[in-house]
Amino acid sequence: MTETAWNEADWFDQSSAHRRVLEFLTLDIQNSQEWVQQLLDQIAALETGKICEWTRSGNAYYLIFSPATVTIENLLVEEEPIETISLQEFKEAVLKWQEQLDNSVSDLRNN
């Protein structure tokens, strides 16, 4: 059970970089727990110094991960500015996304 539900609207309203993260999760990660785990594994590798950079290209977004930041580029809309967010904030969003997916699966099993 979650302590507090993630309010996506609040996240979305924080900044254009926060919106971009949510768009990336929605459009490129979707409901894939495997892809969420891949993100978390690579973030852990960055945090522990096992790797110093990682990139991920999806259907709509291209991301560059460093130990401090994540840069997100829209692949479909060239006029949209490239956004940067801290690795920690990105990780928090991925963990919340994972929690939502886990809760969705749990709800399906209980119905």
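In what order do the strands of the open sheet stand?

View 1. The open sheet has 4 strands in the order β1-β2-β3-β4, with antiparallel pairing. Strands β1 (54-57) and β4 stand at the edges with a single partner strand each, so one side of each has no neighbour in the sheet. On average, neighbouring strands of this sheet are turned by 20 degrees against each other, direction ignored. Helices and strands are DSSP runs, numbered from the N terminus: helices are H or I with at least four residues, strands are E with at least two. Two strands pair if DSSP finds at least two bridges between them. Axes are lines fitted to C-alpha atoms, for helices over the stretch in contact, and angles run from 0 to 180 degrees between N-to-C directions.

This is a predicted model: local features need pLDDT of at least 70, side-chain atom pairs count only at pLDDT 80 or more, and totals for chains, interfaces and linings use all residues. Residues are numbered from 1 along each chain as its sequence is written, and side-chain values use heavy atoms, with hydrogens and water left out.

**View 2. From β1 to β2.** A hairpin of 3 residues joins β1 to β2. The two strands run antiparallel and are joined by 4 bridges. Within this pairing, T55 stands opposite I64 in β2. Strand β1 has two faces: W54 and R56 are on the covered one, T55 and S57 on the uncovered one.

View 3. Strand β2 (residues 61-65) pairs with β3 in the antiparallel sense over 5 bridges. Here L63 has I72 in β3 as its bridge partner.

View 4. Strand β3 (residues 69-74) pairs with β4 in the antiparallel sense, over 4 bridges. T71 has T84 in β4 as its bridge partner. Strand β4 (residues 83-86) shows E83 and I85 on its covered face. T84 and S86 make up its uncovered face.

**View 5. Helix α3 on the sheet.** Which strands does α3 lie across? Helix α3 lies across β1 and β2. Its direction runs at about 160 degrees to β1.

View 6. The structure holds 4 salt bridges. A salt bridge is a side-chain nitrogen of Lys or Arg within 4 Å of a carboxyl oxygen of Asp or Glu. R20 forms one with E80, their closest N and O atoms being 3.1 Å apart. This pair links distant parts of the chain: R20 sits in helix α2 (residues 16-29) and E80 in the loop between β3 and β4, 60 residues apart. R20 also forms a salt bridge with E83, with the closest N and O atoms 3.5 Å apart. E80 is partly exposed, at 23%. Buried means under 20% relative accessible area, exposed over 50%, and partly exposed in between (1.4 Å probe, protein chains only).

View 7. K91 forms a salt bridge with E47, and their closest N and O atoms are 3.2 Å apart. K91 lies in helix α4 (residues 87-110) and E47 in helix α3 (residues 33-47), so the pair ties together parts that are 44 residues apart in sequence. K91 is partly exposed, at 21% relative accessibility. E47 is partly exposed as well, at 40%.

**View 8. The surroundings of L87.** L87 lies in helix α4. At 2% relative accessibility, L87 counts as buried. Leaving aside neighbours within four places in sequence, its contacts include I43, L46, F65 and V70. Contact means heavy atoms within 4.5 Å. L87 and L46 are 41 residues apart in sequence and 9.1 Å apart in space, C-alpha to C-alpha.
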